[in-house]
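Colleague: I've got a fold open on my screen and I'd like to learn how to read it. Could you walk me through it, feature by feature?

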Amino acid sequence: MTGKSLLLKVILLGDGGVGKSSLMNRYVTNKFDSQAFHTIGVEFLNRDLEVDGRFVTLQIWDTAGQERFKSLRTPFYRGADCCLLTFSVDDRQSFENLGNWQKEFVYYADVKDPGHFPFVVLGNKIDKLERQVTTEEAQAWCLENGNYPYLETSAKDDTNVAVAFEEAVRQVLAVEEQLEHCMLGHTIDLHSSSKSGSSCC
Ligand SMILES: Nc1nc2c(ncn2[C@@H]2O[C@H](COP(=O)(O)OP(=O)(O)OP(=O)(O)O)[C@@H](O)[C@H]2O)c(=O)[nH]1
Ligand SMILES: [Mg+2]
């Protein structure tokens, strides 16, 4: 266990109305507003947590999903450590737009290696009875598009909300550990006569 707290920026993206602000507010303030207003631009809240013995300050950036606010949200993508691609299970269009959100993020965050960037997909509003997207098709999308973790949440009922943010932290820490491992591999390689040890990057 390390005593130093790590600041991680995670960003919530997805269509207007899927529940991004509700997820952030449920996680940070444990409140739910059934009459929430659309977000204009971006807002952020912090929460401290401990995941697998690591102390983390999670800086959660909540963005406006409506198309007319695109120019207000995209400047805030840079520097994100993890992207939560969010849709609502009762809104098929929001699921079909996941790929556009992924592309928008990669472009404006200037992600150099999208294949290794930690995305997590959230299917929100699972408390609703009338679903338009099944768990299986969401899982299939995640598998095909980068083997991303998929979690089904309800900001209303507080189902899997903490689990979703903890998963985001785990994904970032896993990438960080992989990088450290690669750097260690290179260090060893420099002092070794063999060419092994640098194949992971
Ligand atoms: N039943 C149910 N309703 C939810 C849930 N999450 C959010 N809502 C409702 O869905 C509506 C939209 O939620 P928001 O959190 O404002 O959605 P958003 O993604 O932030 O929308 P934008 O800010 O426009 O991008 C609100 O009326 C919420 O109360 C949920 O898990 N279940
Ligand atoms: Mg919002």
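**Reading the fold from the inside out**

Modeller: Let's begin with the core. The largest nonpolar core has 25 residues, and those touching the most other members are Ile 11, Cys 83, Leu 85, Phe 87, Phe 105, Val 121 and Trp 141. Two or more residues come from each of β1 (2-13), β4 (82-88), α4 (98-108), β5 (119-124) and α5 (135-144). A nonpolar core here is a set of buried Ala, Val, Leu, Ile, Met, Phe, Trp, Tyr and Cys residues joined through side-chain atoms within 4.5 Å. Buried means under 20% relative accessible area, exposed over 50%, and partly exposed in between, with a 1.4 Å probe and protein chains only. Helices (H or I, at least four residues) and strands (E, at least two) are DSSP runs, numbered from the N terminus.

Colleague: Before we go on, what am I looking at, and what are the ground rules?

Modeller: This is a predicted model, where local features need pLDDT of at least 70 and side-chain atom pairs count only at pLDDT 80 or more, while totals for chains, interfaces and linings use all residues. Residues are numbered from 1 along each chain as its sequence is written, chains are lettered from A and ligands numbered from 1 in the order in which they are written, and side-chain values use heavy atoms, with hydrogens and water left out.

Colleague: Back to the core, then. Which residues is Ile 11 in contact with, leaving aside its neighbours within four places in sequence?

Modeller: The general idea is that in soluble globular proteins, nonpolar side chains tend to be buried together. Contact means heavy atoms within 4.5 Å. For Ile 11, with neighbours within four places in sequence set aside, the partners include Trp 61, Phe 76, Tyr 77, Cys 83, Leu 84 and Phe 105. Another core, of 24 residues, lies apart from the largest one; among its members are Leu 23, Val 51, Val 161 and Ala 164.

Colleague: How should I read a strand such as β5: what covers its two faces?

Modeller: In a regular strand the side chains alternate between the two faces of the sheet. In β5, Phe 119, Val 121 and Gly 123 sit on one side, with Val 120, Leu 122 and Asn 124 on the other, and all are buried.

Colleague: And which strands does β5 pair with?

Modeller: Two strands pair if DSSP finds at least two bridges between them. β4 and β5 run parallel, joined by six bridges, with Cys 83 opposite Phe 119. β5 also pairs in the parallel sense with β6 (residues 150-152), over three bridges, and there Leu 122 faces Leu 151.

Colleague: Now helices. How many of the residues of α1 are buried?

Modeller: An α-helix has 3.6 residues a turn, so residues three or four places apart point the same way. Seven of the ten residues of α1 are buried, so the helix is largely enclosed by the rest of the structure. Among them are Lys 20, Leu 23, Met 24 and Tyr 27. After α1 comes Asn 30, with a positive phi near 55°.

Colleague: Which residues coordinate the magnesium ion?

Modeller: Donors are N, O and S atoms within 2.8 Å of the metal (3.2 Å for Na, K and Ca), and water is not among the atoms, so sites may look incomplete. Here Ser 21 (OG) and Thr 39 (OG1) coordinate the magnesium ion (ligand 2) at 2.0 Å. The pair links distant parts of the chain, 18 residues apart: Ser 21 belongs to helix α1 (residues 20-29), and Thr 39 to the loop between α1 and β2 (42-51). Ser 21 counts as buried because its relative accessibility is 16%, and Thr 39 counts as buried because its value is 11%.

Colleague: Is Phe 32 buried or partly exposed?

Modeller: Phe 32 counts as partly exposed, because its relative accessibility is 35%. This residue also lies in the loop between α1 and β2. Phe 32 and Asp 157 are 125 residues apart in sequence and 8.7 Å apart in space, C-alpha to C-alpha.
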